[in-house]
Each structure stands twice: as structure tokens, then as C-alpha cells.
Amino acid sequence: MKKVYSGHEITSLQYIFLLSGIQVGVAVLSLPRKLAETAGTDGWISIIIGWLISTAASLIIVQIMKNSPNGSLPDWAAGVMGMWAGKAVAFLLALYFCFLLFDGLTKTVMITKIWLLPNTPSYIIMILLLVPTYMIARHGPRIVGRYCELIVYICLWIPIIYLIPLKHSHFLHLLPPLKEGWQPVLTGVKEIIYPSLGMVATFVLYPFLKHKEKAGAAVVASNTLTMASYLFITLICFVYYSPDEITEYNNPVISILKSIEFRFIERIEVPFIAFYLTVFSLVWIPAMYLTTFCSSWLFGRTDSRGHLRVLCIATAIATYFYTPTYRQNWVIEQILTAFGLGIEYIFPVLLLAFIAVHNRMRRS
Amino acid sequence: MKFRLLLTLSAVTLICVTTSSCYDQLNLENASTPLAFGMDLNEDNQLELYTSTPIFSKNIRKKSLEINATIRTLRQSKAVQNAQSPGSTQGRNFQVILVGKRLLQHEGWIQMLDVIFRDARNTVTDRVVAVDGALSEIMFLNPEDQPLLPVLLRGMITTSSDNAETVSTTAQELHRQYFEKGITPSISQVKVKDHKRILVTGTTLLTRKGRYAASLGYQESILLNTLQKKAKSGVSLTYSIPGKSKTGPFDTDTLSFTAQKIATKIKTSYQQSRFQFDIKLKIAADLTEVMFPYNVLRDNKQLEPIIAGLLKSQIEKLLKKFQRHNIDPVGFGLYARAYQYREYKKVQDRWAEALSDAVFHVSVEFDINAIGPVK
């Protein structure tokens, strides 16, 4: 199995951007509304708490992977507990990444349909999205990592545009802090789960890392990057929209762009959403690779391209017959959140405890 | 190898064939983009829609096409619009949204604008303008010496609101003011004078549900913008100084100044089961017009408090007006929520009534910065 990982090393920076990309992706769009619904204008405090929790979870994941520097989690599980344990882990991860991928893709298709191409059928948008996905994902983690890095660099100007609505901002909305005490803020933390999903990519990516000793610092950096962007965008939405009004918008992060007026362009959100497709792709392109990596592992294959082809074609065909509605999308998100809570937060803790016990037993 | 090539080629062909046509294609020649739309009620209280669409054609003397129809809702009216215009109607470039006076007598018209926000392709930066009069008059006016109505109105509203003489309420802003419990909506107001001239007359204030409450003139609009902290330096105010004499028909007792620095501070407290607002206004201004003899060194100290007093009494009158009509266009509710959250929360659903019971303490500090090149 070792051969799979050589020649595909990714740098620490690519690793940071890969993780942040999977987290931010489509999840950021509705985050300010969800926080406002549960925690009001104090929702931004929930982000900071959520940041602490997901950083801890990421560090636990890295700690687990330190036991397996030369193989992914299925490799390790197969080595320690036997082949079937490895297969079970691979299956679980493949299913989870597939969920992540499907959620990202369907959300992107829905947003494209609402804002850009309302009359174009979903499956056509899906096929158009899948073509570049296949082209990038088939080359393995190094190219996917480079792609993420490139997209992050060319998106660096986006925050500047979000400063423009501050002209019409009302900082009074944020006062008083802790309006209703800590309880809504703590309830709001659960809204951070969905936007921080993606940390388990480490289970697969760890063996590809060039500098494994820096993995801990890298996951802290990626979580900080993610949460800083969430905090920035949430605060801007909160001071721009009235607290009574923000819950009216499904995706306040996009709607806020509509209020920007330039002399030379009307409806600035149109080029923006087209550009955002690249940001959204940071979810499904890595997830696509990760899914096929795990599914290929399951069948004992080292080349994941065959599965990638099957997955792309299956997704396209499935979209032709069935496109989730807004409501079903919501259900998918709920399932994904529950699934993610299990696999990204609870599973690593249990696994770490198991490893501790296992190591002690072996030593004695 | 041959098989793979064949497979790739067929995949490419399949993708090209299925995805090459763009379903949302619309040629510019087939589009008709109204730049303004208006809503009003007719004598039978039926909703009337008006739109004004520019016509790009050499041979047509009149540059715009006006459509008028009785409708049920805005989206439902699309068929009627398409039936009357040369192309497919697109609501993507509205510059202004006009609402007639009869419509403003009723609550709930803001809900009728739902399509503006729900259909993502519509613009939300269009200015909302109240028409003091019937909408049919302004829509079909078409004066020969003026640009197209939407362009004219948008330009007038932009320049007037830059000078704070009216508010600059976009559809987005109206949405905010409508949903925010601590503020009531205010929109620009225009009217047709002598059946030929369109002019901005100030600001229309609406109740929480959107019904017409009161109107403000230029000077009151400036003060409203000042209280909202939206007035920029450069706004100009004129006052008659009491005790100075008039000469014949001329108001030689007046004085104008341009504010250079405006600082508004609003403090909130809650005492004796009433909200208390301390409003501190600090204005440093240049005199731009003085009609009466005036000695800088001697009269400065006299004049400053007099002007401050005039400003104060006008602001107090304005606040009384708000309280009388049960409205809060300034957004005092935002301050109440930020600083007196517990008390505000009890009354937030009927904030405007709570405000009518509030006490305002206004203090104005006025400094003359410069008097211009003449003594």
C-alpha cells in the first residue's frame, strides 16, 4: 500500500487550504442566518466557542494519525484490528465523504439555479460542474492541494468587497452583548458543527503530508482561518441587516452583495456567484477524491480513477432523475450534521481512548 | 487504446450535445427592461400597475413606453406587461419604485413588493418614492425638455439625498425599516407641480405597517438625516432670526449656514417608566448668507445661541410630530435595544406607541466657523 502515498506529497500550506476549503465551501452562505435564528446578534460568540471545539477535535484526529505515519486510517485499522475493521472504516469514511460531496454539489446547483440560470435544468449544471471536478480529482491529492491553494490566492480580494456594505452598517445591532445570557450562545454552537465538517480529511491526507511533524500546527491554522472568515462575514451581516430582518434571508452572505452599487455594474452578485463556484468547488473536488480513495481501498485497488469515473457518471445520471428540493436539501444537511457530529467529534475521541488502552495493553 | 479514445470522444460529444444550449438565453433585442414601476389604487380600490420602458429606436420620437394595467399582484402582472410591450419584460433594472398617494392610505403594500426580494434576478437598490398625487399623472407626463422619467427621478433623488434634503431609501433599506421593530419607514416624496413639473418635496413618513403618516419638508428632512447621523458636511439650513426687521416683501431677517461638522449623540435611559433620550447636537458651520448688518466680533457670541435655540426648537417640534403620529423614523428603538434592552424587549412589538410616551432632552451647540469673504 505504501506506493500510493509516495510522489503525491502535499505541503503544509496545501493541507491547511484543503481543510479550510472543505469547511468553508457552501456552508458559509447560510451561517449568519442560522446563528441569528438561535443566538440572535450574539451568534458571533458561538463561532469563537465552536472554534475551540473544532480545533480540539482536529488535534485529536492528528494525534490518532501519529500512530500511523505511513498509511491512512483504514490501513492502520487493518493493521491493528484486521482486514475487516479496515474495510469497515473505509466504508464509513467513503459514505461520509460521499454525503459531504453530494451536499456540496446539490447546494451549488441550487444556488446556481436560483441566482444565475433559473430555467436551465439541474442535471446540465451538474454535468458542467462534474467535468472540471473529474479532471482535477483524478490526479490525486497533490493536484487537488495545488488547486485549493490557487483558489485561495485568487479569492483573497473577496473580503475587501464585503467591507463596502459597512457604509450602511449599524453597529448598535451588536449591543448589548449577551442579550439573553449565555444559554442561546451555547445553543448557537450547534450551528457551527455543519460549517466545520471536513476535519476528518486528515484521516486520509495525513500519510500524504510532507512534514508530518507540522500537522498539529497546520490543523490549528486551518481552523483559525475558517473561523476567522466566519467571524468576519457574520459580523458584517449582523451590522448590516437588522436583527429582526436577517432571518428573512436564506443566504445573507449572497443577498448582502445585492446592496452594493457600482457605477459601472448593476447586480454585482451575478459575477460574484459565478466566481464563488470556485470557492464552492473546494468542498466537492477534495471530497470526490477522498470518497473514491476510500471506496477504492475498500475493494483493494490502488488506482482510484475507475471509481471516480463511475461516481461522476452516477451523480450525473442520478441528478437527471432526481434533484433534491429546498426542503430535501435541508433534510440532507440535518443528516450530514448528525453524521458529521458522530464521525468528526465522537468517533475520534473514542478511537483515541481505544488507542491509549491498546498501547498500554501491548506494553504490559 | 482505440477503445479508450472512442470512449473519451463519445463522452465529449455527449457532454457537448446535452449541455451546449443555454436555457436562460435572452437576446437584447427581445428584452424589454422597464426602468421604473409604480403602484397605485384606482377609484374602485383596485391595484394599478404602471411601468416606464425606454425605447431604443431611431424612428420613434417618444423615447419611452408607458404601460398601465389593473393587476392583482406584481408577478401576475407579467403577462399583462408582456402583452403590451415589444419584448419579454425583465424586472432587472428598476431605478425607482413609485407608490401613489391612494395606495399609501392602506397598510400592507410593502408585502406586495415580495417579488422584488424573492426573485433573485431583481435589483434591490432601486429608490422607493412616494408620489404626492395620482400616479397616472406623473407616469404619463413625459415633459419634452426632461430626460426619461426613471432617469430624472433617480437623479433628483440622488442629488437631493446627497444634500440630505430627502432620504435615500432603497428597496433593500425599506425592507430593513419594515422588518426592524425599532424604526418606521421613511421614503422620498415627489409631486407634479402645475401639471408639468416634477419636483422632490421632501420625505414621506410611514407607520410601522406602511400607511402614510406625515410629510417632511426640506429643512425637516435635513434634521431627520442629522438625527439619523446620515447628514454629511455641506448640508445647508436657513433660519429667520427673531428681532431682525423685514424690508418689504423681502426676508431680510434670514441667515443661512452650511454645516461643516455635525456630531449627533443620543443617550438612552429609562426613568419613571418612560424612555428618556438625551440628544446632543454639535454643529460647526460657515455662514453663507446673512441679510442683516452683522458685526463678527461683537455679534458672534449673541448669534450662536440664537441659532442653537432655533435649531433646538425645530428639532423638538419635529420630535413632537413623530410622537403625535406614532412613528419613529429616526430609529430610536435601535438605541433603546442597545442600551435598555430589558425595557425595550417588553415594548418592542408596539415600539412606536412606547416612543410617543418618551421624553426627549435636546441640546444644541452651535459654532460659527467662518463668515465668508465679506464682513
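**Briefing on a predicted two-chain model**

Tyr153(A) is exposed, because 10 other C-beta atoms lie within 10 Å and a residue counts as exposed when 12 or fewer do. The model discussed here is a predicted one, and Tyr153(A) has its place in helix H7 of chain A, which covers residues 141-154. Between Tyr153(A) and Phe321(A) there are 37 Å in space, C-alpha to C-alpha, and 168 residues in sequence.

**Contact between chain A and chain B**

- The contact between the two chains draws 25 residues from chain A and 23 residues from chain B.
- On the side of chain A that touches chain B, helix H5 (83-115) and helix H6 (122-137) of chain A each supply at least two residues, and H6(A) gives the most, with four residues.
- Sorted by class, that side of chain A consists of 12 nonpolar, five polar and eight charged residues.

**Domains and annotation of chain B**

- Chain B is divided into domain 1, residues 30-216, and domain 2, residues 229-375, and the C-alpha centres of these two domains of chain B lie 31 Å apart.
- To the contact between them, domain 1 of chain B contributes 12 residues and domain 2 of chain B contributes 19 residues.
- The side of domain 1 of chain B that touches domain 2 of chain B is made up of five nonpolar, five polar and two charged residues.
- An unreviewed UniProt entry carries the annotation "domain: Spore germination protein N-terminal" for residues 24-191 of chain B; over residues 24-191 of chain B the chain is 26% helix and 24% strand, with its end C-alpha atoms 39 Å apart.

**The four-stranded open sheet of chain B**

- Four strands of chain B form an open sheet with mixed pairing, in the order E11-E12-E13-E14.
- Strand E11 (236-240) and strand E14 (359-370) of chain B stand at the edges, and each has a single partner strand, so one side of each is left without a neighbour in the sheet.
- On average, and with direction ignored, neighbouring strands of this sheet are turned by 40° against each other.
- Strand E13 of chain B, residues 274-290, pairs with E14(B) in the parallel sense over 11 bridges, and Asp286(B) stands opposite Ala370(B) in E14(B).
- Helix H8 of chain B, residues 218-227, packs on the sheet and touches E11, strand E12 (254-271) and E13 of chain B, with its direction making about 45° with that of E12(B).
- Helix H9 of chain B, residues 296-324, also packs on the sheet, where it touches E11, E13 and E14 of chain B, and its direction makes about 145° with that of E14(B).

**Strands E7, E8 and E9 of chain B**

- Strand E7 (residues 127-131) and strand E8 (residues 186-193) of chain B pair in the parallel sense over three bridges, whereas E8(B) and strand E9 of chain B (residues 197-206) run antiparallel and are joined by eight bridges.
- Ser188(B) in E8(B) stands opposite Val129(B), and Ser188(B) also has a bridge partner in E9(B), namely Thr203(B).
- The hairpin of E8(B) and E9(B) has three residues between the strands, and in this hairpin Asp194(B) takes a positive phi near 50°.

**Backbone details in loops**

- As background, most residues other than glycine have a negative phi, and most peptide bonds are trans.
- Asn45(B) has a positive phi, near 55°, and lies in the loop between strand E2 (36-41) and strand E3 (47-54) of chain B; Asn45(B) counts as exposed because it has 10 C-beta neighbours inside 10 Å.
- In chain A, the peptide bond from Leu175(A) to Pro176(A) is cis, with omega near -15°, and Pro176(A) is found in the loop between helix H8 (158-162) and helix H9 (182-188) of chain A.

Key
Residues are numbered from 1 along each chain as its sequence is written. Chains are lettered from A and ligands numbered from 1 in the order in which they are written. This is a predicted model: local features need pLDDT of at least 70, side-chain atom pairs count only at pLDDT 80 or more; totals for chains, interfaces and linings use all residues. Domain bounds come from an automatic or database domain assignment. Two residues are in contact if their C-beta atoms, placed from the backbone, lie within 7 Å. Ala, Val, Leu, Ile, Met, Phe, Trp, Tyr, Cys and Pro count as nonpolar, Asp, Glu, Lys and Arg as charged, and the others, Gly among them, as polar. A residue is buried if 20 or more other C-beta atoms lie within 10 Å of its own, exposed if 12 or fewer, and partly exposed in between; C-beta atoms are placed from the backbone. UniProt positions are given in the numbering used here, feature names are shortened, and annotations may be inferred rather than shown by experiment. Two strands pair if DSSP finds at least two bridges between them. Axes are lines fitted to C-alpha atoms, for helices over the stretch in contact, and angles run from 0 to 180 degrees between N-to-C directions.
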